[in-house]
Amino acid sequence: MNRAEKAALQLQAVAVLRTLKETRTYDELAEETGLPAGDLNRYVNGHVLPGVERAREVVAGIGRETLATELEARIERDSDGYIDNSRVVFDQALLDLIAPIAAEAFAFETPDVVLTAATDGITLAAAMASHFGATVAYAKKSKETAVEEFIESRQRLASGIELTYYLPARAIDEGDTVLVVDDLIRSGETQELLLDIAERSGADVGGVFALIGAGEEGIERAKERTDAPVGALASL
């Protein structure tokens, strides 16, 4: 490991610790990592970097269960069932940690394009695309004025409202592998529209991923549309 790789590993370890510290005291973080609370304080506050071996242990210790617990701790749900996940989707450092864990946990095929719906899925899509070295495409409920050709998907929801998403036709090429991602999967209606867009473009679906699964309906609905891996990192 050269000097640049060592520095990158040490900085990644600090990013992990800062992310976990968002929802933990130093004593709780010490118990979870096995590191002294005083050392953790110095790492998190940028006074010193952890040694290479300690940094490797910190990064290796971050897994699917840890991140799922972190997501659940950051999500708020009101009495009407509405979900506030802003502390997740606004934290790019957290999403950058999630991307490689999700890729390994669900064994997604390496995509050419990561497809999402505007707007809350965009930061997750950016993190996933960065991890895979893919491009990002996001469908919108309105057409871009300067774009002439679109892939369009329309569906009448159970509520009776008609929902339409548009994606510039050149965003996905025929034969591309597409990973569909979103911050939340509940009914699966949005994911179904995105899968329809991928299919209309002539692309292959490499997987469907959401940060949060609110119930099983959406997951099961997506599984009915594709044989690719489908899953959510955390459940409500």
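Me: How many bridges join strand β3 to β7?
Reply: In this predicted model, strand β3 covers residues 113–117 and runs parallel to β7. Within this pairing, V114 stands opposite L179 in β7. The number of bridges joining β3 to β7 is three.

Me: Which helix makes a right-handed β-α-β unit with β7 and β8?
Reply: The strands β7 and β8 run parallel. Together with a helix of residues 189–200 they make a right-handed β-α-β unit. That helix is α9.

Me: Is strand β7 largely enclosed by the rest of the structure or largely open, and how many of its residues are buried?
Reply: Strand β7 spans residues 177–185, which is nine residues. It is largely enclosed by the rest of the structure, because the number of its residues that are buried is eight.

Me: Does K143 count as buried, partly exposed or exposed?
Reply: K143 lies in the loop between β4 and β5, and it touches F150 and Y166, leaving aside residues up to four places away in sequence. Its relative accessibility is 48%. The limits are under 20% for buried and over 50% for exposed, so K143 counts as partly exposed.

Me: Which element of the chain has the highest mean pLDDT?
Reply: The mean pLDDT of the chain is 93. Among its elements, helix α4 (residues 52–61) has the lowest mean, 88. The highest, 98, belongs to β3.

Terms used:
Residues numbered from 1 in each chain as written. Predicted model: local features only at pLDDT ≥ 70, side-chain atom pairs only at ≥ 80, totals over all residues. Heavy atoms only, no water. Buried < 20%, exposed > 50% of the residue type's maximum accessible area, 1.4 Å probe, protein only. Helix = DSSP H or I, 4+ residues; strand = E, 2+ residues; numbered from the N terminus. Pairing = 2+ DSSP bridges. Right-handed = clockwise from strand over helix to strand, strands pointing away. pLDDT = per-residue confidence, 0-100. Contact = heavy atoms within 4.5 Å.
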